[in-house]
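Hi,

Here is the structure I promised to pass on. Have a look at it first, and then read my notes below.

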Amino acid sequence: MASDDQPSAAADDATGPKYVPRVHIVLFQPEIPYNTGSVGRTCVAVAAKLWLVRPLGFRVDDYYLRRAGLDYWQHLEWEVVDDWEALVAALAVERHWYFTKFGKQNYTSAEFAEGDVLVFGRESQGLPPEIVAGRQEQCLRIPTRPEVRSLNLSNSAAIAMYEALRQWDG
């Protein structure tokens, strides 16, 4: 596992924000650079801001991360925060939606609003219980057949982002 010792604000440049985010996508301690790169590409497509919560399983300048994001990464609004507390300080939890296979509510039954925060866990373990504890009404699942343990992180994030767009744009 590579170190992620990079600055916490990665979208810092003289030109300012690239776009106003319609939604915030949080990857809690992501492990696989290809997944994160792919999520980043989808974020650019829908005008979402990508938040990465440390520790990461790769460096943010990782070749594989950039390769998966291809030439879209330069257009992405994104930020790395040191831990969950730093994320909560930046993005109030009232409008967080937690994607977990243990959610009782189907993701299509949620009413997404612009500015909402969609939170996804690690590829290997999902979201830790302490993050979703007491928030069952905000826990969403993407249904799968029993033969499938889970969906790929980047697929799950794309499904959620495009459901939000479908609701907003009809």
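Before anything else, a word on burial: a residue is buried at under 20% relative accessible area, exposed at over 50%, and partly exposed in between, using a 1.4 Å probe and protein chains only. Please keep in mind that this is a predicted model, where local features need pLDDT of at least 70, side-chain atom pairs count only at pLDDT 80 or more, and totals for chains, interfaces and linings use all residues. Residues are numbered from 1 along each chain as its sequence is written, and side-chain values use heavy atoms, with hydrogens and water left out.

**The overall layout**

The protein has five helices and seven strands. Both kinds of element are DSSP runs numbered from the N terminus: helices are H or I with at least four residues, strands are E with at least two. Of the 170 residues in the protein, 48% are buried. Contact here means heavy atoms within 4.5 Å. Among the contacts with a separation of 6 or more, 80% are between residues 24 or more positions apart.

Gln29 sits in the loop between strand E1 (23-28) and helix H1 (33-46). Its phi is positive, about 50°, although Gln29 is not a glycine. Is Gln29 buried or exposed? Gln29 counts as buried because its relative accessibility is 14%.

Ala47 also has a positive phi, about 65°, and is not a glycine either. You can find Ala47 in the loop between H1 and E2, and its 18% relative accessibility means that Ala47 counts as buried.

Then there is a cis peptide bond between Arg54 and Pro55, with omega at about 0°. Pro55 belongs to the loop between strand E2 (48-53) and helix H2 (63-69).

**Side chains worth a look**

Arg54 turns up again with Asp82. The two are 28 residues apart in sequence, yet 5.0 Å apart in space, C-alpha to C-alpha. Their side chains are joined by a polar contact of 2.5 Å. A polar contact is a pair of N or O atoms within 3.5 Å; within protein, one must be able to donate a hydrogen and the other to accept it, and residues adjacent in sequence count only if both atoms are side-chain atoms. Asp82 lies in the loop between strand E3 (77-81) and helix H3 (84-90), and is partly exposed at 49% relative accessible area.

Asp169 lies in H5, which covers residues 153-169, and counts as exposed because its relative accessibility is 51%. The side chain of Asp169 makes a polar contact of 3.1 Å with that of Arg22. A polar contact of 2.5 Å links the side chains of Ser154 and Asn152. Beyond its neighbours within four places in sequence, Ser154 is in contact with Asn35, Ser38 and Val39.

His96 is in strand E4 (residues 96-99) and counts as buried, since its relative accessibility is 1%. The His96 side chain reaches the backbone oxygen of Ala92 at 3.3 Å. Setting aside neighbours within four places in sequence, the residues in contact with His96 include Trp84, Leu87 and Val117.

As for cysteines, Cys43 is buried with a relative accessible area of 0%, and Cys139 counts as buried at 1% relative accessibility. How many disulfides does a search of the whole structure find? The search finds zero, a disulfide being a pair of cysteine sulfur atoms within 2.5 Å.

**The largest pocket**

The largest pocket is lined by 29 residues, and those nearest its centre are Phe99, Thr100, Lys101, Gly126 and Ser150. Helix H4 (129-132), strand E7 (139-141) and H5 are the elements that give two or more residues to this lining. E7 provides the largest share, three residues. A pocket is found on a 1 Å grid over the protein atoms alone: it is an open set of points with protein on both sides within 12 Å along at least five of seven lines, and lining residues have an atom within 4 Å of a point.

Happy browsing!

Key:
On a 1 Å grid over the protein atoms alone, a cavity is a set of points where a 1.4 Å probe fits but cannot get out, and a pocket is an open set with protein on both sides within 12 Å along at least five of seven lines; lining residues have an atom within 4 Å of a point.
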